[in-house]
Amino acid sequence: MRERYEIMKAMNTLIMALNNEDAYMEWILTVPDQASDDDLMDIATDDELFADACTAFKSAMRDYSEDGFYIDKRVW
């Protein structure tokens, strides 16, 4: 479960860093807005929720990553 939790944290961080509000709005249909560590752990421990989060992440990265990532007040 620790690995899944770490993956959830990483996916959440990357989605929040995407320079695209639409990607974030789609993400929060699966993962709570402003997800806490407990929220992410709950998803990581549930097979169906984890699969849904992975699917949402892949979709967002495919559809929105071309806009870059907003990190340290700069778009990369």
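This report walks through the fold, the surface and a few residues of a predicted model.

## Ground rules

The model is predicted, so local features need pLDDT of at least 70 and side-chain atom pairs count only at pLDDT 80 or more, while totals for chains, interfaces and linings use all residues. Residues are numbered from 1 along each chain as its sequence is written, and side-chain values use heavy atoms, leaving out hydrogens and water.

## Overall fold

Let's start with the big picture. The chain holds 4 helices and 2 strands, where helices (H or I, at least four residues) and strands (E, at least two) are DSSP runs numbered from the N terminus. Along the sequence they follow the pattern α-α-α-α-β-β.

Along the principal axes, the C-alpha atoms fill a box of roughly 35 × 20 × 20 Å. Contact means heavy atoms within 4.5 Å, and of the contacts with a separation of 6 or more, 63% join residues 24 or more positions apart.

## Surface and charge

Of the 76 residues, 33% are buried; buried means under 20% relative accessible area, exposed over 50%, and partly exposed in between (1.4 Å probe, protein chains only). The accessible surface comes to about 5000 Å², with 51% belonging to carbon and sulfur atoms. These areas come from the Shrake-Rupley method with a 1.4 Å probe, and for residues only the protein chains shown count as cover.

The chain carries 7 positive and 18 negative side chains, and the centres of the two sets lie 8 Å apart. Lys and Arg count as positive and Asp and Glu as negative, without His or the chain ends; each charge is placed at NZ of Lys, CZ of Arg, CG of Asp or CD of Glu.

## Helix α1 and Trp27

In helix α1 (residues 2–17), the buried residues are Tyr5, Met8, Met11, Asn12, Ile15 and Ala17. They pack against α2, α3 (37–45), α4 (47–64) and β1 (70–71).

Trp27, in helix α2 (residues 21–27), is buried because its relative accessible area is 1%. Leaving aside residues up to four places away in sequence, Trp27 touches Met8, Met11, Asn12, Ile15, Ala53, Ala56 and Phe57.

## Two loop residues

Gln34, in the loop between α2 and α3, has a positive phi of about 55° although it is not a glycine. Gln34 counts as exposed because its relative accessibility is 64%.

Asp72 sits in the loop between β1 and β2 (74–75), with a positive phi near 50°. At 74% relative accessibility, Asp72 also counts as exposed.
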